[in-house]
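I opened the model to look up a metal site and the packing of nonpolar side chains. My notes follow.

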Amino acid sequence: MSLEHFIDNAISPWMRNDGPESDIVLSSRIRLARNVADVSYPLIADEEKLEEIRDFFQENYEHQSFRNHEDLEFISISDLSAIEKHVLVEKHLISPHLVKYSDEAAALISQDEQISVMINEEDHLRIQLYYPGLQLRNALEDAFALDDWLEERVDYAFDETRGYLTCCPTNVGTGLRASVMMHLPALTLTKQINRIIPAINQLGLVVRGIYGEGSETIGNIFQVSNQITLGKSEEDIVSDLESIVNQLIGHERNARSILMKQSELTLEDRIYRSYGVLEYSRIINATEAARCISNVRLGIDLGIIKHTSRSILNELMVLIQPGFLQHFAKKNLTANECDVLRASLIRERLELEK
Amino acid sequence: MECQECHERPATLHFTQISNGEKTEIHVCEVCAKEKGYLTYPDEAYSFHHLLTDLINFNASKIESVENDAFKQQAQELTCPHCGMTFTQFKRIGKFGCASCYHTFSTRLDPIFRRAHAGNTKHNGKVPKRTGIDLQTRKQLEDYKKELQYLIETEAFEKAAIIRDKIKALESSSKKSEAGDKS
Ligand SMILES: [Zn+2]
Ligand SMILES: [Zn+2]
């Protein structure tokens, strides 16, 4: 079963390529919500109808290729073990919603893991496309073409006035959620982020920290996305988001260079201490690991830590999560066992860089 | 106002639950709302859901403030013929049951959309390639006709002739495809 390679590797193949601004922007994502005409939404539709939709996509699209994204793998969620589901969610290939609410849920995932089409999520279709770095326009162009390709054989629920008709009123119109994952350690360290987030929220965009247990932001990683889906064209939504992201990049770079100028030694100390913790600890929880990984990544970006690849942040962020750890151990683990395995996997991974 | 479940955190989510004609006010914090299952989809962006419950409550209060039982009755019984969802249910869960709900509840949706989408109520983006082909042609025709008018007003007759030919070609091709559909 080739599901295995999605699950065995913490890093998706596309993450190995650096995109534009990849010292700060980890990835860009375009998501389009679509529904099949004349069928109720998965929330209340009959099982048989949802099975029909799922089977239709398996019959028509399994092992098809779209552009350079080869060989769509069809994955029926009910065939997965609890741990396998966990890993796919941790890799952002499928959503927690897809796993939780529907027995007829499925996904089509390309071998490069850039495309994931979720079937019978909150909407019948959630088309997702990932790109490394800041590449919203490329992702949108690709997503539009993918959307057209799927639409050749599917009638969408569409209305001239309201646009694409989605289950949730917050997605209606374009059905577009464009988002960007950003690593903002310097803005967090200088606490500027606390002023920036409310300001951006006022502009109709949403900034969210990636939360772990508790409400602490994990690894200084933030997701910025559009909130408005109705009344603006997709191009405008993307360019508005892009301009805010570019401003954030500017602020982060600025904060980094000020930190380097004013307190280089303190910063260097912080970065090397974190490297030390990752390299030598024997027990480490996810929050501490994420904090240290973020610091090390900052060290790589600032040229303080050399000979370590940038993609280590993306990779370790998945590697340290409980689903992946348990998949690796091939059994269920207690929290303590997770902390021990996490520490040893991180050590091994850093060893590979030498 | 404090959360009625934990009595610790402030209540940030306010629901009106209607079951068997009984109205119950619920004021909870986000943590308790998640625990007690008031948030149906806790993994969707919190802020979106938050916003949505707010704006749907806003809408509900507007309807309920009208002291007219007949109107209330009518509002509650607005039911989608395709999926059976009532407007009251839609208000409570904040999700549509099917695409037909949009038509059924059409007259009540503008205030909800306006609040969720910064004042917008009309789609202004992509149109399906195949199913929306007539719509695309019509939009293109409108654009050409505007351009034609402008060109005539500015006496750019050579360019106007080109646009006029384009309009003719587009009109005849869309007629052909319509005829093709019917046969
Ligand atoms: Zn509470
Ligand atoms: Zn309906």
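What spacing do the donors of the zinc ion (ligand 2) follow along the chain? I read it as C-x2-C-x14-C-x2-C.

This is a predicted model, in which local features need pLDDT of at least 70, side-chain atom pairs count only at pLDDT 80 or more, and totals for chains, interfaces and linings use all residues. Residues are numbered from 1 along each chain as its sequence is written, chains are lettered from A and ligands numbered from 1 in the order written, and side-chain values use heavy atoms, without hydrogens and water.

Zinc site. I looked up the protein donors (N, O and S atoms within 2.8 Å of the metal, or 3.2 Å for Na, K and Ca). They are the SG atoms of B:Cys80, B:Cys83, B:Cys98 and B:Cys101, 2.3 to 2.4 Å from the zinc ion (ligand 2). The angles among the four donor atoms run from 99 to 125°, and the site is tetrahedral (for four donors, all angles between 85 and 135 degrees).

Nonpolar cores. I took a core as buried (under 20% relative accessible area, 1.4 Å probe, protein chains only) Ala, Val, Leu, Ile, Met, Phe, Trp, Tyr and Cys residues joined through side-chain atoms within 4.5 Å. The largest has 111 residues, and A:Ile30, A:Phe57, A:Leu146, A:Leu150 and A:Met182 touch the most other members. A second, separate core of 20 residues includes A:Leu165, B:Cys83, B:Phe105 and B:Ile112.

I then checked A:Leu150 for contacts (heavy atoms within 4.5 Å). Leaving aside neighbours within four places in sequence, A:Leu150 is in contact with A:Phe57, A:Tyr61, A:Val117, A:Ile127 and A:Tyr156.

Note on methods:
Tetrahedral: all angles 85-135°; square planar, octahedral: opposite > 155°, others 65-115°. Buried < 20%, exposed > 50% of the residue type's maximum accessible area, 1.4 Å probe, protein only.
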